[in-house]
Amino acid sequence: MKFEKEILCIGAGYVGGPTMAMIAYKCPQYRVNVVDILPEKIDQWNSDDLPIYEPGLDEIIKKARGRNLFFDTDIEAGIKAADIIFVSVNTPTKTYGVGAGMAADLQYWEKTARQILDCAESSKIIVEKSTLPVKTAQAMERILNSGKNGVQFEVLSNPEFLAEGTAIADLEDPDRVLIGSQQTESGLRARDTLVNIYANWVAADRIVTSNIWSSELSKLVANAFLAQRISSINAISSLCEKTEADVSEVARVVGMDTRIGPKFLNASVGFGGSCFKKDILNLVYLCRHYGLEQEADYWEGVVSINEHQKERFVLNMLTAMFNTLAGKKVCLFGFAFKANTGDTRETPALTIAGRLVAENAQVVISDPKALDNARQDTKELKGDIQFIEDPYSAAQGCHAVAIMTEWELYRTLDYKKIFDSMQQPAFIFDGRNIVDHDKLFKLGFNVFPIGKPKKVHF
Ligand code: NAD
Ligand code: UGA
């Protein structure tokens, strides 16, 4: 069969896999090829055991894979065949040299750009899918257009706004799709080509076009605003704990103002995930680069409050449990950075586990999807750590349970059974405010929510 377009995606990760699966699923007229430098990851994408857990992903992969969706390791051949190349490689925080700990590490992106330049035999549209600092497209265009005669590259910015755990729903019905382009004739032509791909399933008024720099910056700013809401409510949660106010009641009232809105106001043990921290630090670095010190300090505060919230959680545990955790067994309910994903990147649970073993506590980690990642992540932690999927067995004999992830499963457990199997006095630290605190207190637990009065029996 002859396809209308050849689409390539470089980087088969949390973004590349699901976004390309959605394009292929919605647009059988295009051939979509996803490549990665990791052959084992490509093997997993081609198997029944996908490399990531995402509700609804299996179904659309099953429908499109082998029809017009392909996962492959031959990056060179993929580049040669493609009309449009999405680049969705990782852009972590730089760990070395200038900007270490703040700036985005663009080495993977640049390697990809050079590989495209080396292999391409015809002109192509290159789409920045990864989250990148503002002005990256300019550098990319310089690299790409430094080469062969007649081969032209038009770089577009098309940042991804999906959230893990709801990726498929977000891709199928996005709040918006953003496409930034140069305002030149060829830039606008390339932009229209990409608009037409999304228009196969996204309503026209949800497809927003902008200049390329606004597009790059909007992605960083969207994440900074989301994270800022969480840090704002978390900063209020500590004040609630001191004043007997209830953070859920405060959030409800504040969120009822239609100018503010109710979402992203759940106080928690802290936000995690691969992007919020790195994207804010990237924004902070950009501000400092342009001499905007106060603006940089403002955004850096969002990250500092998040670190403080995790530390506060551990100190609350320590104080509540008579100032010593040594030899005590603490069970973590959840290790994923949020519910409905197995992803544990930047998960607050890792920080908490690390601080608990530093206090010589024994840690039992339970999670329905993230135990493999948890095993990897905690390898460097020196201490007594066990991994038990079943929450009842995990909590058995423990002095405390700490809820780290808002998995639905943890709302509905038989907490009487759990209480009866634990050491007494039994403690529960609800890092997500998802269980019925009154009910648990009545069962005998000493209950420590976030931003609400504690309930203790002594
Ligand atoms: P990821 O680490 O899951 O996937 C990136 C993939 O790129 C990896 O499989 C890696 O092997 C591959 N890769 C790296 N260099 C390569 C190269 N030279 N050639 C081929 N493959 C290469 O990362 P991710 O979570 O998918 O994030 C990718 C980008 O999307 C980041 O910039 C991130 O900020 C952004 N983003 C992520 C999310 C999310 O929810 N995870 C959401 C929106 C945007
Ligand atoms: C976030 C954004 O929501 C996406 O729009 C963006 O595309 C993505 O980052 C990215 O660039 O990677 P994600 O990190 O997958 O998505 O998940 P979120 O739902 O944003 O949750 C992030 C963290 O905040 C989680 O740890 C979550 O538990 C926490 N959170 C969220 C709270 O503590 N309170 C809330 O009210 C909401």
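## Ligand 1

The shell around ligand 1 consists of ten nonpolar, nine polar and seven charged residues. Here Ala, Val, Leu, Ile, Met, Phe, Trp, Tyr, Cys and Pro count as nonpolar, Asp, Glu, Lys and Arg as charged, and the others, Gly among them, as polar. The model is predicted: local features need pLDDT of at least 70, side-chain atom pairs count only at pLDDT 80 or more, and totals for chains, interfaces and linings use all residues. Residues are numbered from 1 along each chain as its sequence is written, chains are lettered from A and ligands numbered from 1 in the order in which they are written, and side-chain values use heavy atoms, with hydrogens and water left out.

Of the 26 residues around ligand 1, Asp36, Lys41, Thr91, Glu164 and Lys278 come nearest; a residue is near a molecule or strand if one of its heavy atoms lies within 4 Å of it. In the side chain of Asp36, an N or O atom is 2.6 Å from an oxygen atom of ligand 1. A polar side-chain atom of Lys278 also lies 2.6 Å from an oxygen atom of ligand 1, and a backbone N or O atom of Val15 lies 2.9 Å from an oxygen atom of this ligand. Taken alone, ligand 1 exposes 830 Å², and the protein buries 92% of that; accessible areas come from the Shrake-Rupley method with a 1.4 Å probe, and for residues only the protein chains shown count as cover.

## Ligand 2

Ligand 2 has 21 residues around it, of which Phe161, Leu162, Ser268, Phe337 and Arg432 come nearest. By class, its shell has eleven nonpolar, four polar and six charged residues. H9 supplies the largest share of this shell, four residues. Helices (H or I, at least four residues) and strands (E, at least two) are DSSP runs, numbered from the N terminus.

From Asn223, a polar side-chain atom lies 2.8 Å from an oxygen atom of ligand 2. The protein buries 91% of the 710 Å² that ligand 2 exposes when taken alone.

## Nonpolar cores

A nonpolar core is a set of buried Ala, Val, Leu, Ile, Met, Phe, Trp, Tyr and Cys residues joined through side-chain atoms within 4.5 Å. Buried means under 20% relative accessible area, exposed over 50%, and partly exposed in between (1.4 Å probe, protein chains only). The largest core has 44 residues, and Ile10, Ile79, Ile85, Ile116 and Ile126 touch the most other members. Helix H11 (residues 276-289) gives the most to this core, with seven residues. A second, separate core has 42 residues, including Tyr14, Ala64, Ala190 and Val202.

Contact means heavy atoms within 4.5 Å. Beyond its neighbours within four places in sequence, Ile126 is in contact with residues including Ile85, Trp109, Ile116, Phe153 and Glu154.

## Buried residues elsewhere

Ile233 lies in helix H9 (residues 212-243) and is buried, with a relative accessible area of 7%. Leaving aside neighbours within four places in sequence, Ile233 is in contact with Val247, Ala251, Leu265, Asn266 and Ala267. Thr378 is in the loop between helix H14 (371-377) and strand S11 (385-387). At 5% relative accessibility, Thr378 counts as buried. Residues up to four places away in sequence aside, Thr378 touches Phe335, Leu350, Ile365, Ile385 and Phe387.

In helix H13 (residues 348-358), the buried residues are Pro348, Ala349, Ile352, Ala353, Gly354, Leu356 and Val357. Their cover includes helix H12 (293-320), strand S9 (329-333), strand S10 (362-366) and S11.

## Backbone details

The peptide bond from Gln424 to Pro425 is cis, with omega near -5°. Pro425 is in the loop between helix H16 (415-421) and strand S13 (427-430).

Phe264, in the loop between helix H10 (247-255) and H11, has a positive phi near 60° and is partly exposed, with a relative accessible area of 38%. Asn340, in the loop between S9 and H13, has a positive phi of about 65° although it is not a glycine. Just after H13, Asn360 takes a positive phi of about 65°.

Methods
A polar contact is a pair of N or O atoms within 3.5 Å; within protein, one must be able to donate a hydrogen and the other to accept it, and residues adjacent in sequence count only if both atoms are side-chain atoms.
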